[in-house]
Structure formats: C-alpha cells, structure tokens
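Thanks for coming, everyone. I'll take you through one model this morning. Have a look at it first.

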2 protein chains.
Amino acid sequence: MQQVADRAGVSISTVSFVVNGTKPVTPETRERIQEAIDELGYRRNAVARALASQRSRVIALLFPLLEHQLNPFVEAAATAARAKGYNLVLWPIRNDNAAAEVTSLIKTGIADGALLMEVTLEDERVTRLREAAAPFVLIGRTRDTEGIDYVDIDFESTTARALADLVALGHREVSLVVEDNDGTPLSGYAPPPRVEQAFADAALASGVHGFSVRLPRGPASGERLAEILIAEAPRTTAVISMHRDANFGLTNVLRRRGVVVPRDLSIVMLSAPESAGAVLDPAIATYAQPAEELGRLATEALIARLEGSQAPPTQVLVPCAAPSTHASVAPAPSGRPGLDAFPA
Amino acid sequence: MQQVADRAGVSISTVSFVVNGTKPVTPETRERIQEAIDELGYRRNAVARALASQRSRVIALLFPLLEHQLNPFVEAAATAARAKGYNLVLWPIRNDNAAAEVTSLIKTGIADGALLMEVTLEDERVTRLREAAAPFVLIGRTRDTEGIDYVDIDFESTTARALADLVALGHREVSLVVEDNDGTPLSGYAPPPRVEQAFADAALASGVHGFSVRLPRGPASGERLAEILIAEAPRTTAVISMHRDANFGLTNVLRRRGVVVPRDLSIVMLSAPESAGAVLDPAIATYAQPAEELGRLATEALIARLEGSQAPPTQVLVPCAAPSTHASVAPAPSGRPGLDAFPA
DNA sequence: TTGTACGCGTTATCAA
DNA sequence: TTGATAACGCGTACAA
C-alpha cells in the first residue's frame, strides 16, 4: 500500500480511500492511484483489513456432522483441516478466469494453500498456483505430475481388480461403459480414458474379449447402452460401468426383454458413491470411490507442506473399495443366447 | 491477552508462549496463565494471529463451477457470498458440543456470522449464536422463529399443491410417505411432521382420503411401503413421497406384481433434488427443492445483517418447483381393483 | 525463564 | 479533498 502511495505521490490513506471508496477523491488522483495499483499488481491484504476493520468478511456454514448431506470428500477435507487448526473455505472458480481467481486468492492472503477438485489433464489452476508459489494438492492428476502433490483414485488397479473378479467367475466377454465428456466443460477429465486403457490392458492380459463404450451423461444413455450391447456385443456376460446415469436405463431395458440380472448378465459399478448401487434392484455391486480417504489424505498432505515439509511429493493412489454387495454378480452363464436373442 | 497477562501477573508474551507452546514456561506460571485463560474465557484472535504470523491457516477448496458436484445449496451459498466480497468457510459441527464450537467460531474472529443447515425444532446452535450476538440465518426453522432470519422450503403450500394436482386428475385415495427420524441424530427435524400435517389438512379440505406412513431411511423402506399400502391402503391410487430411499423399492415391488406406473398408480416426489426422479422408469414427477434459491437468499440475508441492516427478519418460504416431467402421473384409474388384488 | 517493543497491512479518527 | 497516526491483537527478536 505504501508503495502504491509513493508511486502515485499520495499518502497511504488516500490509497485506502480509493480502494474502499470510503471517501471522495479527486478523479485525477484516483486515476493515478489506480494506475499505480495496476502497475504494481497490488491487492489489498484481507487479513490486515479484517484486523483493522474488526470484520473478517467470512461466513461460516455450520453443518451437523451426523448427516452426510455434503459431498463426502468435501466433508472429510473440512473435518481433517479443522482437526489440525485450519479452516476450509469454498472457492468456486470459473475455468475461464482461473488466472485471476487463483492469484487473488493467494495475494489477498485469504488462503495459504489450495486443494483442487476435478483436475483435468492440463489444468490452468496448477500453472497459476505454481506461479504464485502457493502450496497445493490435487485431487486427481494432471498429465505431468513432476514434483506435484496429488491423491487420486487408483483407476488402473481398481479396473484390473473388477475385471479379475469377473474373470474368476468365468466371464470371458466383458463390456465397459464410461462417460464421454467431449465437448463438455469437463473435457480433458482423465478418469474415463484411464479406465478404458486399464480395461484394454487387463482384458488382453487375461485373454478376455473386452468391448468398450463411451456415452454422454444423462439418463438416456442407459437405454442407448443396452441397444449398443445388444447390437454390437451380444455375447457380453458382464458389464463394468463407470457411468453415473447409465445403470438405470440399462437394467430397465434388459428387464423388459427378460434378461435377468445377475443370472444372464452381471453388472458392477466402478468409482461411484457407495450408495449409488444400493437403490437398484438387484443392488449393483459397487467398487466405491474412497472419497473420505482422499479428502483426508489430500488435506493432510497440504497441511504438511504449509508447515514446511520438504518431503518428496505425496503421490498417492487409493483403489476403490471392494463391493459390499454382490447381488448383481453371478458366474458367467454357460450357453446363454446372445442378448440379441432376447425378445425386444 | 493483556487481561490474561495481568490476571496471571505475567507479561503478554508469556501468555503467547503458553498459548502456542512456543517457548518453555515454568509449570507454575503456565498453570496460573491457564487459569486466567479459563476464567476469562479468552480465545486467541485468529485474524491478528494470521497477520502477525503471515499465515492465515486457511485452505481453499477450489472447485470448478461447471460441474455440480457439491450440494447445490452449498455451492449457491458460496457463490453468492463471493459475489459480495465474502468467503464461505465450512464448519462441520458435532451436535454434542455445539456450544463450544459456536463460541469458538465467533470469539476467535474467524467468522462474522453463520448459516445453519439441517435446523431442528430446538437447535442449540441458535441459542449459542444468540448468546454470542452473532448474526445468523437458518436454512429451515426452529419452533420459535420470533425475530429470527430464516429461509425454508414452503412445505405447506407444496404439499397442498401436490395433492391438488392429483385431485385434479381424479385421485381420491392418496397416500403419503415421509422419513422417520426418530431415534436418529436428525430426530427433531421438522420437515416430515410439517408435511404430514399439511397433507392431513389438505386432504380434509378437498375431501380426499389420505393415508400417511413414516418409514426410516434405507432402501428396505421401499418394499416395506409397498407391503403397507397393499395391506392397509389398497385403494390408494396415488403416492406422495418425501422419502429419499423408498421409491426404488416401491416401484420394484409394484412392477413385480404387475402394477403399472402411472396407469394403476401415480407417484410424485416432494422436496427432492431435481435429478432424483429422473433415474427411475418411468421418471418420477418431482416437486424439486429450491436448493440454489435457498442458498442464495440465505446468504444475501446474512450479508445484509452483517452490513448493519435493521430490517425486520427475513422469513422466506420458497415452494418447490413444479415437476418438469409427469411420466409417473396419470388420471386416477376408475374401477381399478385394490392393490391387494394384484398377484403377489 | 520472562519481559519489552516492534512489526504485520490495513482502517479509521482527527486535523489540516 | 488529503495526510498523519493511532489502533487492531498477536508473534517474536532481543534483552534482561
């Protein structure tokens, strides 16, 4: 602030008046000050402001820990942070001006570091945080993870595990469905291709015939998936799904045609909330995403950095948990006709 | 801090050493200081600490605004707050020590005010915030709302509306299912009884025969509901559901018995996320809870108070939105046999 | 082991 | 309309 004042040839209070609009200032001096601010990239310090004004400008969102209403990841992160004397502030960020958002976050002193959700392969927020020299931890991974702290779901091992579990039951024709984020704001989101690749690798390694489908989000994709399987992979005896909305439509169509899950077709879900499969009939076996664990690990890793840890990057992959129900999984039916043989 | 120091007969820095464990202090003096702290209820000011130590101890959780991963209410609140220069910090709170939590929140200067989620009829957080003289806004309502700012769902009008919509289609035997939170941490949660009451009133007023069921959470409740309806209210031609988990089981059982939705039975959901009904087959008509609007309104009301507004309390009730699909609703079937007449 | 005093970056009061 | 300066509440060299 003093630097701005010097540069504009005014006193520090005048700068304050301009920044806050507290008192009238001549247009000319206001302009000079604004220039100085821009040139220096000055941002008022939120902490000092809070101390001087006796107002933090922070709103607390009190939520009872008993009922899991919030995203479990967020909840775990908030809890882990508080356990270590930190607070978690929500920072919604529009991708189109990640730059400004991130620098302001750090320069104003609001936060010491950041946790990044929904990381894409090339994530601008990462660039900005690095420039700002602010510690951060990714939930997910960028393409280049050199020297970066992250925690992510171990899609590779989870996919291999899911396939292996099916293979152990005699399945030899397995289909995979993932979400297609192309053309959406989430394009560049890594998990779907990662799982596709892992699926292809694991299928090859275990001599399974793998069939892979990408479908956009939305409930319509379930029925579409059924059609595709019937037309293009009718010998499929098991479906691995990492698609939020496909399962309902899929099971509905199958049921109408007389395909019985799991007798005729096994279905498992990958990396979904634990509760996602429970509502279906039969309950879908779900390799549940370790949301709480990721939230906790990420937060703890970040706090370690904030407290000066110079340890090598935390790069943790957590596999999804094994299904708690197996109602949707059965041994591969021998001699089952192709799905296309069931009545339409 | 000075007061603590005086009372303990030491200097202010010694107090700091004790509070932070920065330097060794004789056990005796430490004890004297601790006593003074307790007696005075001293809590170190987080803002001053942040300024002096150059560390805010705040972690930012960066989430892209594009993908609605978080609770829509929370997201809307965070966004509305930032639009007005405030930040939203997540404050998970255990009901069993709401007192300590809330006072520490305010006394440490971390937050200027609070938003309360999952409000119960007698909510200790409210008592504490009042004592602390901190502005707050409820999402929901306590029993006594005298002078309290709140925004809530208008369960009364939404329930009446839902019933009226069914009545207009000729339904005269309607059943309601709500969640039973008795014996759970959420006991004392107001919405279920409110809706029951509104349902009873509206049924009476419109000459409808209303049947009402309470069931605990969990997927098992859907099948239980079906059994109950078949046994106790077989003439029901429409179900109003404000139960998170009941619909899947209900439709599954009905389908197995040959009951066709909506031909034989109409189903609507009350106060659920907009997407909740879309996954079923047919999609369940949903009176969607106005989560974003509540988040925004609550935040704006709180900020108004923080900025000194002396206006009378904001007490807003927002009805749920009309369903965007009606696939699960049809005119009441005339001459349909009782549900108990369908094959088991 | 304890105390003194300065600095953190603002806001706000009062004077000019 | 602008400037000087005292808070704001704490951390921490440095001194004792």
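A term before anything else: two strands pair if DSSP finds at least two bridges between them. Helices (H or I, at least four residues) and strands (E, at least two) are DSSP runs, numbered from the N terminus.

Some ground rules. This is a predicted model, where local features need pLDDT of at least 70, side-chain atom pairs count only at pLDDT 80 or more, and totals for chains, interfaces and linings use all residues. Residues are numbered from 1 along each chain as its sequence is written, while chains are lettered from A and ligands numbered from 1 in the order in which they are written.

Start where the chains meet. Strand 2 of chain A runs parallel to strand 1 (residues 58–64) of chain B, and 7 bridges join them. One bridge to look at: A:Trp91 has B:Leu62 as its partner. Contact here is C-beta atoms, placed from the backbone, within 7 Å. By that rule, 62 residues of chain A touch 62 residues of chain B. On the chain A side, 40 are nonpolar, 11 polar and 11 charged. For the classes: Ala, Val, Leu, Ile, Met, Phe, Trp, Tyr, Cys and Pro are nonpolar, Asp, Glu, Lys and Arg charged, and the others, Gly among them, polar.

Now helix 7 of chain B, residues 124–131. B:Arg125, B:Val126, B:Arg128 and B:Leu129 are buried there, meaning 20 or more other C-beta atoms within 10 Å of their own, all placed from the backbone. Strand 1 (58–64) of chain A is among the elements covering them. Just after this helix, B:Ala133 takes a positive phi of about 60°.

Last, the open sheet of chain B. Its 5 strands are parallel, in the order 7-6-8-9-10. Strands 7 and 10 stand at the edges with a single partner each, so one side of each has no neighbour in the sheet. Strands 8 and 9 pair over 4 bridges, including B:Ile240 with B:Val268.

Notes
Buried ≥ 20, exposed ≤ 12 C-beta atoms within 10 Å, placed from the backbone. Contact = placed C-beta atoms within 7 Å.
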